[in-house]
Amino acid sequence: MIIWINGAFGSGKSTLAAGLHQALPGSVVVDPEEIGGLLRRTFNGHPGRLRDYQDYPAWRRLTAAYIGEIAEHTGGHVIVPMTVLNPAYATEAFTPLLLSPGLVHLVLHVDPDRLGARIDASEEYPGDDARSEAVRAYRRRRAADYTAAAAAWMHADDHVIDTSTLTADVVLQAALTHLLPSRLVTADGVRP
């Protein structure tokens, strides 16, 4: 099964992915941002370079192909912590994955005030305040984009976990409760 974790930047996607990876033996975590980095390096200095790597149709196709291939190769669960706010981009990336062993789309929600506080408190690069502030600034800029996407499509179509007041352990349990037992099997074929 492919478990795509979507939501606001700073909502806890990476933390949940790590928890699911620990809870699901044989699972792997795939980061489509690495494909974005590859495209950034490839198009560096090229006139066709785009600001947001998700705007490249190649990112969406390569991401879907990569995740599908990883799922086929491992035969286990593939966990994907990645914010995708554009519904057309989500459809393009998700549609091929629906043909794979299965796709579950989880959305982590945080109310705007708490999200702002989390962003302000985050330190992505300990000891490097300039790089950490760049990440915080990006997350602040994208918070309104998440709110619009949540209202327009994310919360209507997918399983939402409101992480506003939950600890990481409680978020993990909420995700596992949604996924278990009827829809998820561990890599060794046993339902946990």
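Does tryptophan 59 count as buried or exposed, and at what relative accessibility? In this predicted model, tryptophan 59 counts as buried, at 0% relative accessibility. Let's walk through the rest of the structure and come back to this residue at the end.

## Overall fold

The protein is built from seven helices and five strands. Starting at the N terminus, their order is β-α-β-α-α-β-α-β-α-α-β-α. The radius of gyration is 17 Å, close to the 16 Å given by the globule rule for 192 residues, so the protein is as compact as a globular protein of that length. Along the principal axes, the C-alpha atoms fill a box of roughly 45 × 40 × 35 Å.

## Contacts, surface and charge

Of the 192 residues, 41% count as buried. Take the contacts between residues at least 6 apart in sequence: 73% of them join residues at least 24 apart.

The accessible surface comes to about 9,900 Å², and carbon and sulfur atoms account for 55% of it. As for charge, there are 17 positive and 22 negative charges, and their mean positions lie 4 Å apart.

## Aromatic pairs

Four aromatic pairs turn up in the whole structure. One of them is edge-to-face and joins tryptophan 4 to phenylalanine 94, at 4.8 Å centre to centre with 65° between the planes. This pair links distant parts of the chain, since tryptophan 4 sits in strand S1 (residues 2-7) and phenylalanine 94 in helix H4 (residues 87-98), 90 residues apart. Tryptophan 4 is buried, with a relative accessible area of 0%, and phenylalanine 94 is buried too, at 10%.

Back to tryptophan 59: this residue forms a tilted pair with tyrosine 53, 5.7 Å centre to centre and 50° between the planes. Tyrosine 53 counts as buried at 7% relative accessibility.

Terms used
Residues numbered from 1 in each chain as written. Predicted model: local features only at pLDDT ≥ 70, side-chain atom pairs only at ≥ 80, totals over all residues. Heavy atoms only, no water. Helix = DSSP H or I, 4+ residues; strand = E, 2+ residues; numbered from the N terminus. Rg over C-alpha atoms; globule rule 2.2 N^0.38 Å. Buried < 20%, exposed > 50% of the residue type's maximum accessible area, 1.4 Å probe, protein only. Contact = heavy atoms within 4.5 Å. Areas by Shrake-Rupley, 256 points an atom, 1.4 Å probe, with all protein chains shown as cover. Lys, Arg positive; Asp, Glu negative; His and termini not counted. Charge placed at Lys NZ, Arg CZ, Asp CG, Glu CD. Phe/Tyr/Trp six-rings, centres within 6.5 Å; stacked < 30°, edge-to-face > 60°.
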